[in-house]
Amino acid sequence: MYRYSEFDRAFLAERNRQFRAQVARRIDGSLTEDEFKPLRLMNGLYLQLHAYMLRVAIPYGTLNPSQMRKLAEIADRWDKGYGHFTTRQNIQYNWPRLNEVPDILDALAEVGLHAIQTSGNTIRNVTADHFAGAAADEIADPRPVAELIRQWSTDHPEYQFLGRKFKIGITGATHDRAVIRAHDIGLRIVERDGAQGFEVVVGGGLGRTPMIGSTLRDFLPRADLLPYLEAVLTTYNLLGRRDNKFKARIKILLHEHGVDKIRALVEEQFLRLRGDFSGVDQQRLAEIETFFAPPAFRDAPSSAFDDARAADPVFRAWADTNLSAHRAPGYAIVTVSLKAHGATPGDASSDQMRLLADLAERYGHHELRISHEQNVILPHVHKSDLPALHAALRNAGLGTANIGLISDIIACPGMDYCALATARSIPVAQQIATRFEELKLEHDVGPLKIKISGCINACGHHHVGHIGILGLDRAGVENYQITLGGDATDDAAIGTRAGPGFSADDIVGAVERLVLAYLDLRESRDETFLHTFRRLGMAPFRAALYPRTSDMAA
Amino acid sequence: MPRPFTPKVVTASALIEGDVIYLTADDTWSRDLSRAEIITDEAHAQLRLLHAERQANELVGAYLADVAPGAGGPQPTHFREDFRRRGPSNYPHGKQEAV
């Protein structure tokens with residue numbers, strides 16, 4: 001993975017020194033809160049409901065064991081012994097003290113991590129397929145490109161004061177695991193006539209006005225990437241609305257002007273900008289790629305895996321849900337669930353982080369990933385090591401066999417932490433996971449994505465959940481709306497609202513009725529919830545949600 | 001016709017820790033809502049808020065929050081203020097840890 005150069009280290013040290021002075025001036029009264037707020041946000045520091053929150057970038061979701069251990073050390077030394085992994089491949093600390101944040105940033109810099117552009121109206125942390133470099137369906141590892149974009153966009157003077165935040169996601173695989181159609185710019189590495197390039201998707205996003213992105217270019221030559229990104233960003237920066245923050249995203253531009261006009265404007269900018277790129281960016285990309293060389297995979301028998309799978313039903317259940325196909329023979333991608341039933345989705349204790357770092361060293365070629373689904377990935381594990389790995393995970397409360405199942409819920413922090421939230425989301429996730437654990441139905445139900453947001457900003461991606469739950473404030477009471485039929489993958493779709501919302505006491509029962517209805521309606525065990533919904537539409541599910549017709553009028 | 005004034009407390013976040021704090025009748029700041037001054041007069045509320053806002057080196061984001069007088073002191077009338085008073089509800093690790 002990428003290793004910082006002297007330039008990178010000096011840049012971070014200077015940036016942290018500046019912020020340390022800014023914090024000192026806020027505390028001694030030289031800066032007002034109005035003056036200080038944009039400065040702290042530029043360094044990922046929010047003031048939330050109960051405390052400050054520091055959002056640390058995990059670029060393209062990749063960590064090495066030293067970095068993971070540093071995250072654990074920070075959790076112990078300056079926070080409450082845990083961190084929260086988010087849907088944008090960041091980690092958030094919920095309890096830092098203002099005067100200690102500069103020390104935290106210096107500690108992060110020791111391992112090449114930072115909190116720059118994790119907030120503010122700028123290009124945010126570039127996210128990538130969490131199976132990058134390992135997936136069997138991968139055309140090319142997207143992380144070198146993501147790193148190039150990170151270097152290009154970090155402190156880019158033209159893009160520090162955009163109309164709104166700007167999110168870029170990238171995948172190098174045929175199956176989209178990076179939700180590229182819900183990003184301001186989504187990139188997919190594609191091949192044409194033996195050459196690699198990019199499909200460029202623009203104008204996706206969730207939040208108040210959820211939209212699926214449109215393809216601006218179905219094949220952009222690889223060497224044209226940065227000038228084309230500059231063309232998109234410049235078009236957005238010039239044309240984007242600043243009169244209304246709710247209409248300031250690029251998705252609104254596409255909606256208001258149409259994709260053809262935006263494409264024409266971008267192409268015009270691209271022609272103007274292309275000549276400014278001398279090829280240095282491609283040289284830099286080639287250098288970055290050397291850091292992402294695949295590990296030396298070993299050739300060994302995997303009979304230990306087959307034996308354990310045949311003999312141990314607990315291991316079999318875990319292997320069947322938490323492993324994915326690896327490109328190298330004899331290897332698997334392991335997704336470690338941070339969704340133990342009843343736990344807070346995405347939270348990891350410092351002890352768990354340290355164990356994951358140890359296991360990555362022992363079994364995983366020193367690599368870790370964080371997924372947008374709030375789980376941790378060990379991307380390269382030889383199958384013969386899986387029984388021992390699983391035993392170690394189980395001992396640490398990390399052996400939950402639920403990836404892709406009903407309790408593998410994305411949930412934003414909601415009103416338990418977030419100042420923007422209008423209702424809680426974590427307790428709803430905890431209760432749903434616990435309920436289905438008690439019913440012992442989870443594995444029978446099969447693949448089902450529940451995603452929960454505590455406000456309209458949709459950090460929990462509820463719009464693209466098979467079952468989406470949106471928490472709102474209805475006359476001073478928590479109320480939860482359900483959407484159905486959303487999809488975050490290749491056939492990205494925005495879910496449809498089912499009807500009136502449910503109280504906090506009723507939402508879990510409503511989800512249970514939905515799922516039981518699905519079990520009755522499906523044609524076979526192979527027909528997933530989403531497929532059943534697409535076949536039958538809303539009506540039978542709405543009937544299950546609202547068994548009395550009077551409920552619909554509520 | 002103007003809406004009747006409902007009881008309030010002055011609340012904010014502590015500058016260094018970010019903790020939820022409440023203004024007491026003796027001009028100190030408490031982490032405990034039960035010690036907060038209940039304000040029943042609108043003019044007095046504005047004066048108390050101004051008093052809080054002048055302490056910008058100790059706190060951030062002072063505002064008036066609705067409460068209802070109760071036997072144990074002021075009680076939140078909205079669930080957001082209830083969570084601010086207690087801390088996160090997902091597991092005991094905020095203020096409720098000490099309760």
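How many bridges pair strand β1 of chain B with strand β4 of chain B, and in which sense do the two strands pair? Before I answer, please keep in mind that what we are looking at is a predicted model. In that model, strand β1, residues 8-14 of chain B, and strand β4, residues 59-70 of chain B, pair over 6 bridges in the antiparallel sense. If you want one place to look along that pairing, take B:Lys8, which stands opposite B:Asp66 in β4(B).

Staying with β4(B), this strand is also joined by 4 bridges to strand β5, residues 73-76 of chain B, and those two strands again run antiparallel. Between β4(B) and β5(B) there are 2 residues, and the two strands form a hairpin; here B:Gly70 has B:Gly73 in β5(B) as its bridge partner.

Let me turn now to chain A, which is divided into domain 1, residues 6-109, domain 2, residues 142-290, domain 3, residues 303-395, and domain 4, residues 410-553. Where they meet, 6 residues of domain 1 are in contact with 9 residues of domain 2. The size of an interface is often given as the accessible area lost when the parts come together, and for these two domains of chain A the buried area is about 730 Å², with 57% of it on carbon and sulfur atoms. On the domain 1 side, the residues that lose the most area to domain 2 are A:Phe11, A:Tyr60 and A:Arg88, which together account for 62% of what that side buries. Across this interface the rule finds 1 salt bridge. In chain A, the side chains of A:Arg15 and A:Asp155 meet in a salt bridge, at 2.9 Å from N to O.

Next, a pair of helices in chain A: helix α7, residues 250-257, and helix α8, residues 259-274, pack at an angle of about 115°, and their axes are 6 Å apart. From α7(A), the residues A:Leu253, A:Leu254 and A:His257 meet A:Val259, A:Lys261 and A:Ile262 in α8(A), and the residues of this contact divide into 4 nonpolar, 1 polar and 1 charged.

Finally, chain A also has an open sheet of 5 strands with antiparallel pairing, in the order β3-β14-β15-β12-β11. Its edge strands, each pairing on one side only, are β3 (62-63) and β11 (323-325) of chain A. Strand β11(A) is joined by 3 bridges to β12, residues 331-336 of chain A, and A:Ala325 has A:Ala332 in β12(A) as its bridge partner.

Conventions:
Residues are numbered from 1 along each chain as its sequence is written. Chains are lettered from A and ligands numbered from 1 in the order in which they are written. This is a predicted model: local features need pLDDT of at least 70, side-chain atom pairs count only at pLDDT 80 or more; totals for chains, interfaces and linings use all residues. Side-chain values use heavy atoms; hydrogens and water are left out. Two strands pair if DSSP finds at least two bridges between them. Axes are lines fitted to C-alpha atoms, for helices over the stretch in contact, and angles run from 0 to 180 degrees between N-to-C directions. Contact means heavy atoms within 4.5 Å. Ala, Val, Leu, Ile, Met, Phe, Trp, Tyr, Cys and Pro count as nonpolar, Asp, Glu, Lys and Arg as charged, and the others, Gly among them, as polar. Domain bounds come from an automatic or database domain assignment. Buried area is the accessible area (1.4 Å probe) that two parts lose on being put together, summed over both. A salt bridge is a side-chain nitrogen of Lys or Arg within 4 Å of a carboxyl oxygen of Asp or Glu.
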